[in-house]
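Colleague: Could you take me through this one? I'd like to see how the labels get decided.

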Amino acid sequence: MASVSLQALRKSYDGKTDILAGIDLEIAHGEFVVLVGPSGCGKSTLLRMLCGLEEISGGDMLIGDQVVNHLPPAERGIAMVFQSYALYPHMTVYQNMAFGLKVAGKDKAQIRERVERAAATLKIGHLLERLPRELSGGQRQRVAIGRAIVREPRLFLFDEPLSNLDAALRVQTRLEIAKLHRQLDATIVYVTHDQVEAMTLGDKIVVMHEGHIQQAGTPLDLYQQPRNLFVAGFIGSPRMNFMAGSVVSAQAGGVLVQLASGELVRAAVDGSALAAGAAVTLGLRAEHISESDSGSEQFKGEVSVVEHLGEANYIYVSRKGGEDVVIRGDGERHVAIGQSIVFSADSTAFHVFDERGQALRRLRPGNMVSAARSMMRSA
Amino acid sequence: MTVIAMKPEYPVTPVAPAQAGSTRIDFGRLMVHAALLAYTALALFPIALILINSVKTRAAIFDDPLALPSMESLTFGGFVKVIDSTNFLHYFGNSLIVTLLALFCIVLFGAMASWALSEYRFMGNRLLTLFLALGIMIPIRLGTVSILELMVRLDLVNTLTALVLVYTAQGLPLAVMILSEFMRQVPAELKDAARCDGVGEVKIFFQVILPLIRPAIATVAVFTMIPAWNDLWFPLILAPSESTRTVTLGVQQFIGQYVTDWNSVLAALSLAVIPMLILYALFSRQLIRGLTAGAVK
Amino acid sequence: MKHAVHTVRPWQLVLFLAPALLVYTLFSAMPLAQTLAQGFFSADENGKAVYAGLENFRTILLDPDWSAGFWNAMVNNARFFAIHMLLQNPIGLALATLFSLKGLRGARTYRTLIFLPTLLSVVIIGFIWQLILSPLWGVGEKLMGFAGLAGLFAPWLGQEETALTTLSIVSVWQYIGMPMMLIYAALLAVPDEIIEAAHVEGAGAMRIFWQIKLPLIYPTLGLVTILTFVANFNAFDLIYSVKGALAGPNYSTDILGTLFYRTFFGYQAQVGNAYLGSAVATLMFLVILAGVGLYFVAVQRRLTRFAL
């Protein structure tokens, strides 16, 4: 397995507009890195550049300690699992998995040994003589993974492998990929648009938007300290509540914000860089709000929609003069539409973003019972 | 209620324009272009040769066949001869009438039959489909003997009608196959919705289905009009008279007659080719799209 | 989606089906059947049709006056087909493969231009090539001179040994557009990701072509073959317009289509014989049917269209 280093990587098709600009990323040996972001953010392009299917317009790409910018895919020591699996329709499963090894000139005995070993790992040994069209979606996916494994690459690349599977299969396969990672001690770069997949699988998550890396870090980092509005809104479901306001006073130990809807909120963030009167956005996650007045900062509003999930209620509250807010409430508690509701949160639960959308450092993130609970839920 | 626009701010380093991309001249690609250029030349030069020489004097044709016409050698005498001694425009009109009428009949009758065969389940459906499909493989010319006798009996010899009927019969099998495929792809909801509204089957066909299959008509046109226009056999056998002669037959007869008059021969060939070239220049995209669409059967 | 009969009335069905079936039956199916039937008749002394059993067929296949001509035409037709298979389809395949290369600039232009001859009338094409290859004009010789091969030039169209081959090549030159387009469409249908996957696994362009692309277009290649077969054994126009109904020199360019025409309608000294002509047509029909049948039974069964 190898490490990967991307230095000032750039991609542009016509020399004028950049699809990717200034990508810097370090991936350690054996790490599972997930590239995540909305459509068009450049994650697939980056993966294809890693693979060698797209030209690199600028910057350097190193696998191991080798600069691979101009190397063809086969010489980079990588293997890719495509979104639609890309199995050769006219070849059996065995032939599909053996193809790459045959190209590399391995002898028959070696090929058989490797293919059967990989098939055993993925539990598809009984399918070796079948054609792809005789397999289910999940089975085809395993063959695609098997095809990658037999080549014993330094680096595995996955391009949205779960998006063609139905929901139940997706969860199951997700677990298997996680297990495979540990089994093979593999360095993996994995692309997905689904933030839940990203959070559950990745050692390191790289959030991308419009060709730039917004933030890279562990799932918890991204959850607790999103660096800007985009990452904050992207990670976590339901999406973080945002409220506009302006600074009343700001010190290193905390910030007092006057919301546009009138409330005064104290947030436990480092406000030393802020000036009074500056425009800010407050962020508050649904799971950090309690349906009572127990928290230090208080709000009220009227319930407009309730989604009952059994394990929780998602309560949508409209506030006079302010933004709608969603609260994650106790699923076994009854909430009526139209009822007035008082809700609150601790000052340590808030995120504050300055006028450019950059986050201020939170002073005591994760220092709450509800935070611990939500961590366990998203795992 | 506005949230501050999520426009992330990151240091936007002014990006230097990409270096003139590594123009590593790909030798492989060069060879590909060379091969394609060579073949294109091979495909086009005979036609170009004819066109160039059709406006040269006889002497120039023989002395320097590969040269473009110069001021001295330029002449339209051949064209004049052709148009004078034959009824070329008339032939052209005949070809046009026959081809267009045949296309119309093929599309209309073919669509109606395709609709019935692909939409309704009835006894004999499969048999009829097979019956029609056979016509694709089995050439109609083999029945010429009987067709001629039939035309004689119907008193249709030397009429354009005979040609239209024959080309329609010839083009129907393939048209039915292409159109059936197409019609099967019309979403069932459209038809069911119309039926729910109480619209009769005939009306559904003319007002819902027919407009929807316009793309397929391009494909049908390619596969039926070209063979009909270029056909020599049936005009020769069924309608060789002067008044019903088609372009293809007319050119063939003319050349047979004036075989030593190179200038006129070349002019006749050019006159036959130029309309096709013009049509092709205008419609090549649709034509090729129609061809490849129908090919993936 | 088929619907129960009661949504369509019988009279409506008849309305839809009648015109097409009428025209097709009257002018295509019945004439063919009649021709097949007529082959079993011949004329008696008074010119009336009398049942003759297999007499006509025996005449054509075995009678020394006729059979030589028939078998000559058969062999020629087979050669005609063979040359097409050897040249038209491989070159068409090669061109289609080149067109389908990623990012080839001007691919559309090449395609459009190379397809042009296919659109033109066979008659026209025949004449054009006749002129080019004519020793009188000398263009052919001059062009070969550019390649230093002027000495090799000969009036191929006029020579017995080379006439058929030459005409076959002209026919290939013209019709190459059809297989080219059909194969091109099939190549387009091969998903990009499969090619990319092979590329990532280290396969070079040649290996990708032979081991990935080609196997996936076998059904189309089969279709092209059978279409070529039917077209070749049905051919007439080119030979007739270049060589006339006698298909000279010395019947060396005679194929089944010209034989049929000559037998039925007569030509110059030879009197037309409708019954023998019908017999020839029947034999042509059987040959084509045999080919098509062979294709469906042997080839189609083994070539499954892979779910791409």
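Colleague: Where is Ala86(A) found?

Modeller: Ala86(A) sits in the loop between strand S6 (78–81) and helix H2 (93–103) of chain A. Helices (H or I, at least four residues) and strands (E, at least two) are DSSP runs, numbered from the N terminus. Before we go on, this is a predicted model: local features need pLDDT of at least 70, side-chain atom pairs count only at pLDDT 80 or more, and totals for chains, interfaces and linings use all residues. Residues are numbered from 1 along each chain as its sequence is written, while chains are lettered from A and ligands numbered from 1 in the order in which they are written.

Colleague: Why is Ala86(A) called buried?

Modeller: A residue is buried if 20 or more other C-beta atoms, placed from the backbone, lie within 10 Å of its own, exposed if 12 or fewer, and partly exposed in between. Ala86(A) has 24 such neighbours inside 10 Å, so it counts as buried. Ala86(A) also has a positive phi of about 50°, although it is not a glycine.

Colleague: And what makes Glu152(A) count as partly exposed?

Modeller: Its C-beta neighbours inside 10 Å number 14, so Glu152(A) falls in the in-between class. Glu152(A) is in the loop between helix H4 (137–149) and strand S7 (155–159) of chain A, and its phi is positive too, near 45°.

Colleague: How much of chain A is buried?

Modeller: Buried residues make up 45% of the 379 residues in chain A.
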